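Here is a friendly walk through one model, with a few local features picked out along the way. Please keep the sequence and the 3D view open as you read.

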Amino acid sequence: NGKHRLTDDVERIVQEHLQYVREDVSNGWDLIHQDGEMKVYRREVEENGIVVDPLKCFHTIKGVTGHEICRYFWEFQYRMEWETTLDSTKIIEALDPDTVIFFQLHKRVWPAAQRDSCFWSHIRCISHSDEDQPTWLVVNYTTPHPLAPIKSPQVRLVANVALICETIISEPPLDPKDIKRENIQCKLTYVAFVNPGGWVPSAALRGVAKREYPRFLKRFTSYVVEQTRNKPILF
Ligand SMILES: O=S(=O)(CCO)c1ccc(-c2ccc(C3CCCC3)c([C@@H]3C[C@@H]3c3ccccn3)c2)cc1
């Protein structure tokens, strides 16, 4: 796809996430939520008294591919179907067929001021020669934009988020055309570094994150399972 002004930034951040996703969560991470295959971890980090806790979630979803999960996460037209924490979302620029810039208004979380966000969103397939299925990923990364002016009282969020997915095919039939949804599953890793962009009471923000991230991941993945149930498998 065509080169654009953010090509180098996108490449750098994608490579950083591909390294980071391998880091294990054994030291310094707290398991804050577990629901079946979903495990949500958090590290407690503050920058100048602002909570910027990194979040890492591992989940295995039966019946969908990593491409399907990433596609529904990246595509604009589905966002308001599964995102319950947004007042609005819109694409303000398309940089290439796989990289767009979103401007979003996030629902206000009392007593904090309302947050808005402007980030480039990039979807990519990383094909491995050895493994049979490629890795699909989406990265959302804050960027300034003339069409997303910072306007008080909204506070600009700073986010660096990645959704990285592998597809597992159990008992692959000889002919790939015979693969059924009961033989596929997606192993996803979701990482989020969100800086609220201004002061929020630490306990309140940690409470919101602990409640909202698992809820949003469960709702999003269930939405994709529902939407793909009777559709041909998108590998
Ligand atoms: O995965 S994404 O890229 C999907 C793009 O639509 C993404 C997900 C979540 C956020 C996010 C935005 C605002 C807030 C707070 C900050 C102060 C007041 C609201 C939070 C905090 C962590 C808590 C939270 C977690 C999940 C959902 C909503 N709330 C998170 C941003 C991007």
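## Cysteines, a helix pair and some backbone details

Cys57 counts as buried because its relative accessibility is 0%; buried means under 20% relative accessible area, exposed over 50%, and partly exposed in between, with a 1.4 Å probe and protein chains only. This is a predicted model, in which local features need pLDDT of at least 70, side-chain atom pairs count only at pLDDT 80 or more, and totals for chains, interfaces and linings use all residues. Residues are numbered from 1 along each chain as its sequence is written, and side-chain values use heavy atoms, with hydrogens and water left out.

How many disulfides does the structure hold? The count is zero, where a disulfide is a pair of cysteine sulfur atoms within 2.5 Å. For the sulfur of Cys57, the closest cysteine sulfur is in Cys165, 10 Å away and too far for a bond. Cys70 also has its closest cysteine sulfur in Cys165, at 3.8 Å, again too far for a bond. Cys70 is buried, with a relative accessible area of 0%.

Cys70 is one of the buried residues of α2. Nine of the nine residues of this helix are buried, so α2 is largely enclosed by the rest of the structure. Helices here are DSSP runs of H or I with at least four residues, strands are E runs of at least two, and both are numbered from the N terminus.

Now for its partner. The axes of α2 (residues 66-74) and α4 (residues 202-228) come within 10 Å and cross at roughly 110°, with axes fitted to C-alpha atoms over the stretch in contact and angles running from 0 to 180 degrees between N-to-C directions. That makes α2 roughly perpendicular to α4, a label for angles of 65 to 115 degrees. In the contact (heavy atoms within 4.5 Å), Glu68, Ile69, Tyr72 and Phe73 of α2 meet residues of α4 including Phe216, Phe220 and Tyr223.

| Site | Backbone value | Loop |
|---|---|---|
| Trp110 and Pro111 | cis, omega about -5° | Pro111: between β7 (99-106) and β8 (115-126) |
| Ser152 and Pro153 | cis, omega about 5° | Pro153: between β9 (135-142) and β10 (155-156) |
| Glu171 | positive phi, about 50° | between β11 (158-169) and β12 (184-195) |

Asn48 counts as exposed at 79% relative accessibility, and Glu171 is exposed with a relative accessible area of 65%.

Terms used: Angles under 35 degrees count as roughly parallel, over 145 as roughly antiparallel, 65 to 115 as roughly perpendicular and the rest as oblique.
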